[in-house]
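Trainee: Please take me through this entry, feature by feature, and tell me how each one is read.

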Amino acid sequence: MSLILPLLAAVPLLGAIAAVLAPRAGKGIGLGVAIVLLAALAVLVGGLNTPVVLPLGGWEPPLGIALRVDGLAAAFLGLAAVVMTGVLIAAPYRGAGREAAAFWPLALLLWGALNAIFLSRDLFNLYVGLELLTLAAVALAALSGSAGALAAAIRYMVFALMGSLLFLLGVALTYAAHGALDLAALPGRNPQPTDALAAGLMTAGLLVKTALFPFHAWLAPAHSGAPAPASAMLSALVPKASFYILLRLWFEALPDLGRPGFLWLMGALGTAAILYGGVMALRQARLKLVIAYSTVAQIGYLFLVFPLAGGGGAAQPWAAGAWTGVVFHALAHGLAKAAMFLCAGLWLAAAGNDRIEALRGAARATPMAVFAFALAAISLMGLPPSGGFTAKYLMVTSAFAAGAPYWALGPLLGGLLAAAYLYRPIAAAFAPVEPELRPVPRGQQAVPLALALGAIVLGLASAPPFDLLQIGRPEAAARGVE
Amino acid sequence: MTLAFDLVLCAMIVGAAICAAVAGTIFAAAVFFIVYGIFVSLAWLRLDAFDVALAEAAMGAGLTGILLLRALGRMPASEDRPGPALAPALAGAGLALALGWAFLALPESAGLGPVVRNAAPGAGAENPVTAVLLAFRAWDTLLETIVLLAALLGVWALSRDEAWGLPPGLPQRVRPDGVLAGFGRILPPIGAVVGVYLVWAGTSRPGGAFQGGTVLAAVALLVSMAGLAQAPRVTSGALRLVLVAGPLVFLGMAFIGAVLSLWQPGAAFLALPEAHAKSLILGIELMLTLSIAVTLAALVAGPPEDRA
Amino acid sequence: MNVTVLGLCGALLVGIGVFAFLWQRHLLRRVLAFNVIGSGIFLYLGAAGARGGAADPVPHALIITGIVVALSASALAVALVLAHLHASSATRLPEDEP
Amino acid sequence: MIEGPILPLLSLVWPLLLGVVASLPPMQARAISLLPLAPLPALAAAWAGVRGETVVPDLLLGAVLSAGAEGALLFGMTAVLWFAAGIYALVYLRDTRRPAVFAGFWCLTFAGNLGVFVAADVATFYVSFAAVSLAAYALVVADGTDEALRAGRIYLVLAVLGEACLLLGLILGAGAAGSLSLPEVRAALVGEPVAAVLLIVAFGVKVGLVPLHVWLPLAHPAAPTPASAVLSGAIVKAGVIGFILLVPEVPWLVPAGLATAFLGAVLGLTQRHPKAILGYSTVSQMGLIVALLGAGDAGPAAYHAMHHGLAKGALFLSVGLVAAAAGRWRWLALGTVALAAMSVAGVPLTGGALAKAAGKGALEPWAATAVTVSGATTTLILGWFLLCLARQPGKGRPSLLLTVPTLALALAAIVVPWWLWQGWTGLPADYPLHADTVWSSAWPVGLGLAVLALVALRPVSHVPAGDIVIWVERTVRDLRHWFLRTALERSGKVRAPRPRAGRAGVVAEVAERRLLRWGWSGTAMVLAALAIAGTLLG
Amino acid sequence: MTALLPLLILMTSAVPAVITFFLAEDSHRLRNTLNLAGAVLKLALIVFMLREVAAGTVYETRLNFAPGLYLLLRADALSLLFLTLSAFLWLLTTVYAIAYFEKEHDLSRFFGFFSLCVAATTGIALSGTLISFFIFYELLTLSTWPLVVHKQDDKSLAAGRSYLSYALPGSAVLLIAIIWLESATGPLEFAMPHPLGGLEEASLRAIFALFILGLGVKAALVPLHGWLPGAMAAPAPVSALLHAVAVVKAGAFGIVRVIYDVFGIGLVAQLGVGLPLAMLASVTIIWGSIRALQQTEVKKRLAFSTVSQVSYIILGAALAGPYAVIGGLVHLVHQGLMKITLFFCAGIYQERAGITRIEDLGGIGPRMPWTSVAFSLGAMGMIGLPPMAGFITKLYLGIGAIEAGAPWVVAVLAGSTLLNAAYFLPLLYRIWFLPGNEDLPVAPAPGLVVPAAVTAAAALGAGLFAGAAMSPLGWATLIVTREYMP
């Protein structure tokens, strides 16, 4: 087990370095890294029954940094591995041109940053991981070099840097107050008034990076401007990393700091994001913008964990609790959104533009891609048998169990809005006109189909992931944050 | 007495900062920013943080200043009307007040100073900061170098397709006998000596890979600006090897530690064997310095461009 | 006592930096303001670390790492601004155009 | 699987089998030849006396077949009448338009007709009643002429109305009785006035009570002769058995019946077509029977119905006979018609007289006199019928198959009542021969003849058959026209894709543009940090 | 073995569905044999199970998702009623569809979703808990949408959109109801009676209303029936499947499950929600018939007739008397048999004789005798004329209504019978008695006529031999005596 964690942390970085050295072999290196990591994860998940801690360099936490894997980390690592494998297979970059030489190393760096964040237990280390993630993401967003993409990348960078600074400020305050950066050491601290400010700053910073409702303006232009494989990574994984840190912060490091007002604010912003994202997605004419605003909406679901987590849920023996439901949603959304963006990429390449009207007749030209898009849509709408449904079910059950059914409004209305804005592309694909799309090889269509099927299987076989998530689940997740 | 000095210093720092923020023209803002950087280095000296002072002066003031000035050169001089001032002022003041209150409300805490000091010798470096950087929080430092690499890849990706393959930065045309050419011949040797010394001293006295690397980067920039040597092409294997040498060695050592840990209880990922920790740290620092120098130089030079 | 002065000076710098970061529309000025905030935070952290008598090396290491990260971010930002300038000959984001 | 005697079940199933055989391609051309075979098992059953209870648990809801005395009597009469009509049809319908379809429906109607008399549970009774009333539609429109279709349409509307009322009545009855067997339902219906009214309407349509009689004078002439014979003779009797089996004694039925009798006769005079006149005569005779039923003595009513069936069958068949006879044969045909007419009119010593006499016993005095007077009106209408019939042209020599059934029926109408007199009325055998009975049946006939002479000179003005139905038809047509115009099928207008999220969309768009600007979002960020810190301080 | 049987039955239609998706377009024979084999195997399994369940054994398969979210497939008497109907009609509809489409495009996609849709119906029938019911209920919506838009023309796309815009909100409401109920009582299994004490009466009524709203969309109760007539744009086998077997029945079946297995008759009576539901069903019956009267297209008229006929089932379920429930349940089968006959024939008329409007039906009877006979039998059954199956239902419903002390229901029944006659008899009248233009090309294929004839015969048989133990009526009586009125 002691070899798995280093592998997970270091191999993507090594891959990136190799890709810098040999730009032409980028895809080969990428697939090699994918195989190694998938194998490592298989072994990890197989053998994981209690959280595994690895103090780096042998130095115990207050001094050194520790890497830890529990159910939550394993789940997100798994999500990253599956999505990245799909994206690396689907990425069309060949040779050593400008884009190819940059895409492969940046993608692997992004993967490395994700793994570093999911494994790390140290606040400052999380900050450096977030920075690496942001730089790689901004570079990928600007990869196409078009005026729109560049402006979107700059705006993304400005928002993200402000987020990082706020987070750094919070970390500095925490260290200054308690002299400890490790997540495990923080719950034992003697509470200080400055902790409120520190937590507020950190949370605000992470909200921006997760693109929650009022701070989401950067996401849609950035994700729709980026090339398809890049926007798949950006939309499916990057916001999840900062949300992961929020989960760690609020359910492991500072569970006692939560106040009803704060929880209610998070829930309200989450519900607002669901409705706002849905309405905006309805208004878009370009498919990638529809999917990007769908991300804004789906991210709103995640923040329902604050008002719902615990509450009365623990009282019902069978209630899995919102915490697991939200994680399920993050996983299902990751898979579905990656599949959708890859499909959008296929159609953009085949039709020349990504307006929804260009999709007319796609059902005949690219049947597998339309089927994949439909499966992903089913998961986003939260219809059975998809992972999205399991998540929605767990969340709505917790809402009712917690005696706060109004929190169930978000997921339910979100499901209907998702049905509304995802219906248009699917219906266009079924339009009777002869498709003017250039034929797309079935091999390329297989990747999004696999990812979309992943989202559905997450629903069908939801027992194993559910049990995985219980390993090392912070008990605050059951008892509630206050 | 020292309080008066501190107050004056802080006044100078805040004044420079305000000028940099609200200066009429961008050039003035850049110049004030460099001055502000120097003052902040002085402040670090007051806090007995010599490594940080060096870093702030070299990177904070120096390199960032060059970046801004170089970018200014390419910008049209457009007068600039910023947006509404009320909301930003509110936000800034609020944050400053909150931080000020928090600073005063902070409890007395010794932090990790004593713990680090008595563990540093074991880690192979007397200078506690280097010990923290290269031993205790080695993972942070490793990620940091990767961040540098990522930034460079991002910068190179922003070149235009037709310019891909050219050396990084703008081709320089300089008069062979001019002042710049003169400086180009005199300063580099001094800079090289200072840089290597900084890295060597890093293990016991203030200094270290980053500060040394920055000085060497400055030397490299001076040489290429003076047109004395042509930077290698972006796609050249040698350049790329040097770029990744530091992190590669660092990761290699880390992995060896991980593999050893399978049958040796002492070893671990990122752990340097006790016996010759000092020499290993020095070796890693040298390789890091090399990579950091070239990366910083390329970063400041900017993406390859085919014409002025 | 002087550590407190430097700490408050750090807080003030952060305030000024944030004001400039939000107020300025010119992208280069925003990068400058970003660096001011960064150095302000580091000063604040350094001063906090130095309150307990002997200087605490850990903040120093963090600050050095922070400075390097800030530099690489600034470098990428400046390169982006220049590319944006070349692509759409504007020193401001489209939404900030008057 | 089936308990009890097989014959009744066989007599029902056998015609159905024949119907299926008739529709098979090879038999289609010669389907009409099967018609006389249909009633054979029924005749055997009637001859052996329909006794005992057969239960078929799997059929419908556990079918139970057991006939009461009246049922058996009418069962026999129906079998005889359908047999005669079957033979008659062999010649008359040889070149009909669609033999297979006609034969199929003929057998189905016959099976229903028999079923009605032997059914003892609600489901079987209702199935048979529906079969007899709805399948008869095909017989009515067999000729395919326009007025046949119009008559058929009116017949169908009223038949369906009757069906619905019957279903309703049966449901209410079965619900009240909590079981499906007819006797129990009848017992339970005593306390259910609503159900009783519904059933009266249902059987009233079949029997032709006054407001509901409009289909009869239209349907009978339109149908081919053998069909109208069975229609008037046997199918109408389904209503009678319905009254007997289900409707409890309802005092106001007597006046209603009598009114129908007199009105029917009078309206008959307004007709020119002999079959139409016969139709009205059936309405009037049925009125009499209903009156008897209203008084509660089912026996004489059934007895009278049996006689009327045979006689009316003979009369209808004779119409066809007269049309196909010329010269010498014509007088023979007219002779048989006169014979049957006298029996119906109740000329002394004929079956009709016996039937009337048997019925009078149970009625109050005023009703009894009314019955005797009705004899006059019947004579009047039948006389008028004979006159109109005589005017019909006739040619050629009637084949034996036409004359024998008609003659047989006429004789049966006269003789059978004598034969059954003893069993049914309980009056002394020689009662009909008493002077007063003879007189009480003779003077009405005389009066009738006198009035007939008067009418023959100045016939009553012609009223189109079906009288009030014309007015009803017109109102229905206007109603339908209005109904369709107002609620013209709202074509499912294809909704234009919703304007994209309407007002909420516009608000969101404005908010999006505002949030895109860094000044606003950045400030929001910092203030959010402070706000969150504030919430956590509390 | 007993644990696997329900799953096996579900697989007999799910597995062919998945395989068919990947078959090449032109492998017609392989695809047809695959689907037919699946259908026959399923029918065989069900017949075997009929005997077993009649004898009292109960089959259960339990698949665990997250705790509190598990899939339970349970074959009790009620599920077998619906299962037998859907399996029998699926086999016939497959034969019909094979002949109907012959050589058209996208057939793999069609038959894939076709079998998936029936798998979903099987799941609905077999589901043992509310959540598994909901999962299959949703799967049904998703698998029927591609069928409705199969022709991919604007009309069917619009129909697809209106179908989803009704179905999805409906299912959202249903999910709320399920979770609201289960949040108080824990996971609900249909088998064990469980006191719904956790919630007070007001919220129980609200939950019941939500259930009816959610299930009412598919059961086409009046305000929620808008999507059904539009769905006529789909090809004939689909509208046959949709109306007679799968979608509409799922809603009615769900309501029966909710009333009898979730709330229980006692509670329904105590809450006093039975009567309003019966009234709503009656309004639907009358309104559906009136709207049917106004239609000028054959399939539209049949669609509205479905709207009214399905509410018989709900009416039966709402009136708590034993007769009424038997009437309601048996109508589930009867309506299926009769309505699918009508749709088969309408499909034949449309496809083979180009008749869509009622006016064009003139004189088609003699020229397409077998189809027209089947159509007439179906129509007569709908009107409730004996000896067709419809009569049995009306009789039982009527008697049940009186027992339940709601005589006005009998008036509703009578009114609807008259209205049925009013909008079906003109059709029969045109078919048989009006002259049509003879030169119209008419080519009925045996593959189309045979299924229609079989279902017509079944409908006649269900009526004629209703007394038999294994007839739909017999089985319905078994259900009621065994489970609901012990």
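Trainee: How many residues does the contact take from chain C and from chain D?

Mentor: Two residues are in contact if their C-beta atoms, placed from the backbone, lie within 7 Å. By that rule the contact takes six residues from chain C and seven residues from chain D. On the chain C side, four are nonpolar, none polar and two charged. Here Ala, Val, Leu, Ile, Met, Phe, Trp, Tyr, Cys and Pro count as nonpolar, Asp, Glu, Lys and Arg as charged, and the others, Gly among them, as polar. This is a predicted model, where local features need pLDDT of at least 70 and side-chain atom pairs count only at pLDDT 80 or more, while totals for chains, interfaces and linings use all residues. Residues are numbered from 1 along each chain as its sequence is written, and chains are lettered from A and ligands numbered from 1 in the order in which they are written.

Trainee: Which chains share the most contacts?

Mentor: Chains B and C do, of the eight pairs of chains in contact. Chain B and chain E do not touch, and their nearest C-alpha atoms are 37 Å apart.

Trainee: What does the domain assignment give for chain B?

Mentor: Domain bounds come from an automatic or database domain assignment. For chain B it gives domain 1 (1-73) and domain 2 (125-308). Their C-alpha centres lie 24 Å apart, and eleven residues of domain 1 of chain B are in contact with eleven residues of domain 2 of chain B. The domain 1 side of chain B has eight nonpolar, one polar and two charged residues.

Trainee: Why does S294(A) count as buried?

Mentor: A residue is buried if 20 or more other C-beta atoms lie within 10 Å of its own, exposed if 12 or fewer, and partly exposed in between, with C-beta atoms placed from the backbone. S294(A) counts as buried because it has 29 C-beta neighbours inside 10 Å. S294(A) lies in helix α12 (residues 287-302) of chain A; helices (H or I, at least four residues) and strands (E, at least two) are DSSP runs, numbered from the N terminus. Leaving aside neighbours within four places in sequence, the contacts of S294(A) include L380(A) and Y421(A).

Trainee: And how do strands β1 and β2 of chain A pair?

Mentor: Two strands pair if DSSP finds at least two bridges between them. Strand β1 (residues 52-55) and β2(A) are antiparallel over four bridges, and L54(A) has L67(A) as its bridge partner. Both faces of β2(A) are covered: A66(A) and R68(A) on one side and L67(A) and V69(A) on the other are all buried.
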